[in-house]
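Trainee: Could you walk me through this model, one feature at a time?
Mentor: Gladly; let's look at it together.

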Amino acid sequence: LLAINAIAILNEPRFLRPLGWGYDQLEGAQASAKVQIISLIKALRMILLIPLIAVNTVTLLFKLVLG
């Protein structure tokens, strides 16, 4: 849960692009490990946004009730 939250809040223009891991590097690039990791980060951010909100809410409520 912590790792997915960390990926979800990465700010692409401020963090990834200066390191050379921006989404703009996906276009026309060969299938290297770096390109696959960038694609995975992009997919996780788009697909898991709504389920991540729900899981975080349930986890927060669980922690509040049970301590």
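**Reading the model**

Mentor: Let's start with Ser 32, which sits in the loop between α2 (12-16) and α3 (33-47). Helices here are DSSP runs of H or I with at least four residues, strands are runs of E with at least two, and both are numbered from the N terminus. This is a predicted model, where local features need pLDDT of at least 70 and side-chain atom pairs count only at pLDDT 80 or more, while totals for chains, interfaces and linings use all residues. Residues are numbered from 1 along each chain as its sequence is written, and side-chain values use heavy atoms, with hydrogens and water left out.

Trainee: Is Ser 32 buried, partly exposed or exposed?

Mentor: Buried means under 20% relative accessible area, exposed means over 50%, and partly exposed is in between (1.4 Å probe, protein chains only). Ser 32 has 34%, so it is partly exposed.

Trainee: Why does Ile 38 count as buried?

Mentor: Ile 38 counts as buried because its relative accessibility is 2%. This residue belongs to helix α3. Contact means heavy atoms within 4.5 Å; leaving aside residues up to four places away in sequence, Ile 38 touches Trp 21, Gly 22, Tyr 23, Gln 25 and Leu 26. Ile 38 and Trp 21 are 17 residues apart along the chain, with their C-alpha atoms separated by 6.5 Å.

Trainee: How does the reach of α4 compare with the expected span?

Mentor: The expected span is 1.5 Å times one less than the number of residues in the helix. With 18 residues, α4 reaches 26 Å from its first C-alpha to its last, close to the expected 26 Å. Just after α4, Gly 67 takes a positive phi of about 85°.

Trainee: Where is Leu 64, and is it buried or exposed?

Mentor: Leu 64 lies in helix α4 (residues 49-66), and it is exposed, with a relative accessible area of 66%.
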